[in-house]
Amino acid sequence: NHPTAYTFPRLARRRAEHARAESWFRRTIALARQSGDWNAYSLAFLGLGNLYMQRGNYPAARRFYVRALRAARRHALHTAAGMTFHDLFVLATHTGRVDEAERFARGAYDEYGSDHPRLPALAHDVGFFWMEQGYHARALPIFRALLPHLTSSSERPVVLANIARAAGATGDLARFEDAWSQVWEG
């Protein structure tokens with residue numbers, strides 16, 4: 001059963017039990033391949049990529065992400081492909097590969113589709129990336145569009161703070177003050 005096989009190594013990774021997580025992800029890959037469960041196969045490679053990303057081994061993370069993406073695309077697993085493109089985007093932002101980051105963000109959007117539940121997270125990450133690149137005016141409407149789609153109360157202050165930062169950088173004092181006051185009221 002792939003949800004369980006994928007859940008255990010993710011929990012181990014979150015608890016920083018790296019060796020255990022890696023052995024479980026690899027076991028999941030082997031079992032998923034044998035049973036033809038290509039979603040679990042792809043997600044386990046994605047999990048390994050995230051494990052290596054968390055440990056700062058970007059070249060290994062990229063190799064596992066590429067394997068996850070190949071499996072997901074070969075078997076038309078759009079959510080797994082979208083998640084992988086999204087993680088490749090994050091990796092590209094960490095390694096300063098701006099053109100590649102933009103391409104991976106587009107790939108994630110294309111695979112997720114316009115109504116996928118992970119789309120707000122991608123939009124936020126892209127907005128933050130643009131802001132980090134100095135494109136505050138480009139990022140501001142992204143953050144503003146996210147507010148109605150937030151599902152967690154912990155997300156709202158983060159997005160409001162990003163609105164305040166982008167508005168401040170563009171000289172939009174009224175929007176800056178409004179967002180900043182909402183962050184502190186929060």
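**Helix packing and aromatic pairs**

In this predicted model, Asn39, Ser42, Leu43, Leu46, Asn50 and Met53 of helix 3 are in contact with Ala80, Met83, Thr84, Asp87, Val90, Leu91 and His94 of helix 5. Sorted by class, this contact comprises seven nonpolar, five polar and one charged residues.

**Geometry of the two helices**

- Two packed helices are described by the angle and the distance between their axes.
- The axes of helix 3 (residues 38-54) and helix 5 (residues 78-94) come within 10 Å and cross at roughly 15 degrees.
- Angles under 35 degrees count as roughly parallel, and helix 3 and helix 5 are therefore roughly parallel to each other.
- The crossing of helix 3 past helix 5 is left-handed.

**Aromatic pairs**

- Eight aromatic pairs are found in a search of the whole structure.
- One of these pairs joins Phe45 and Phe64, which are stacked, at 6.3 Å centre to centre with 25 degrees between the planes.
- Phe45 belongs to helix 3 and Phe64 to helix 4 (residues 58-74), so this pair ties together parts that are 19 residues apart in sequence.
- Both Phe45 and Phe64 are buried.
- The ring centres of Trp180 and Trp184 are 5.8 Å apart and their planes lie at 70 degrees, so this pair is edge-to-face.
- Trp180 and Trp184 are four residues apart in helix 10 (residues 173-185), and therefore about one helical turn separates them.
- Trp180 is partly exposed, with a relative accessible area of 38%, whereas Trp184 is exposed, at 63%.

**Aromatic cluster**

- Trp38, Tyr41, Phe45, Tyr52 and Phe64 together form one aromatic cluster.

Technical notes:
Residues numbered from 1 in each chain as written. Predicted model: local features only at pLDDT ≥ 70, side-chain atom pairs only at ≥ 80, totals over all residues. Heavy atoms only, no water. Axes fitted to C-alpha atoms, helices over the stretch in contact; angles between N-to-C directions. Helix = DSSP H or I, 4+ residues; strand = E, 2+ residues; numbered from the N terminus. Parallel < 35°, antiparallel > 145°, perpendicular 65-115°, else oblique. Left-handed = near helix turned anticlockwise from the far one by under 90°. Contact = heavy atoms within 4.5 Å. Nonpolar A, V, L, I, M, F, W, Y, C, P; charged D, E, K, R; others polar. Phe/Tyr/Trp six-rings, centres within 6.5 Å; stacked < 30°, edge-to-face > 60°. Buried < 20%, exposed > 50% of the residue type's maximum accessible area, 1.4 Å probe, protein only.
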